[in-house]
Amino acid sequence: RDVHAVSSLLKLYFRELPSPLFTHMLYDSWNKMSAHTVAQQQLLRRWVEQRRGADGADVVRMEEAIARQAKVYIRDLLEAMPAANRSTIVFLFEHLCRVVGEMEANKMGPMNVATCLGPTLLTPQD
């Protein structure tokens, strides 16, 4: 039940694949989605800072709208992937949720997991 050992093995496996799990074909689309979501979050932060007394309910609604939009984009990108890749991503993310669930013990929160595995799962074509 050593999730750290399993994670290391998975990282090695994904690094050795001839094509990344998130496919070269969709590399630009994943990056655009990420950049768009980050830009929206930054705009929301600036808006909140400018309106120091911003209504918390407005902020929550805006955050939820950003998250909904990102989920739709992610769903569309996943549907454009080969079925084997999608199935593998579901399995991998279930495992990573267990890893993050143990972050008190393993210090692997969502950002650490993304930093460790992201460059292995999503790479540009040479």
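Two residues are in contact when heavy atoms lie within 4.5 Å. Keep that in mind as you work through these exercises on a predicted model.

**Exercise 1.** Work out how the protein chain is built along its sequence: which elements does it have, and how many helices and strands?

*Solution.* Start by counting: the protein chain has 6 helices and 0 strands. Then read along the sequence, and the pattern is α-α-α-α-α-α.

**Exercise 2.** Describe the contacts, burial and surface of the protein chain.

*Solution.* First, take the contacts with a separation of 6 or more: 70% of them join residues 24 or more positions apart. Next, look at burial: of the 126 residues in the protein chain, 25% are buried. Finally, the C-alpha atoms fill a box of roughly 50 × 35 × 25 Å along the principal axes.

**Exercise 3.** Find how helix α4 and helix α6 are arranged: at what angle do their axes cross?

*Solution.* Locate α4 at residues 83–101 and α6 at residues 110–121. Their axes come within 10 Å and cross at roughly 150°. Angles over 145 degrees count as roughly antiparallel, so α4 is roughly antiparallel to α6. The crossing of the two helices is right-handed.

**Exercise 4.** Which residues of α4 meet which residues of α6?

*Solution.* On the α4 side you will find Leu92, Leu96, Val99 and Val100. They meet Pro110, Val113, Leu117 and Leu121 in α6. Sorted by class, this contact has 8 nonpolar residues, no polar ones and no charged ones.

Notes
Residues are numbered from 1 along each chain as its sequence is written. This is a predicted model: local features need pLDDT of at least 70, side-chain atom pairs count only at pLDDT 80 or more; totals for chains, interfaces and linings use all residues. Side-chain values use heavy atoms; hydrogens and water are left out. Axes are lines fitted to C-alpha atoms, for helices over the stretch in contact, and angles run from 0 to 180 degrees between N-to-C directions. Helices (H or I, at least four residues) and strands (E, at least two) are DSSP runs, numbered from the N terminus. Angles under 35 degrees count as roughly parallel, over 145 as roughly antiparallel, 65 to 115 as roughly perpendicular and the rest as oblique. A crossing is left-handed if the near helix is turned anticlockwise from the far one by less than a right angle, and right-handed if clockwise. Ala, Val, Leu, Ile, Met, Phe, Trp, Tyr, Cys and Pro count as nonpolar, Asp, Glu, Lys and Arg as charged, and the others, Gly among them, as polar. Buried means under 20% relative accessible area, exposed over 50%, partly exposed in between (1.4 Å probe, protein chains only).
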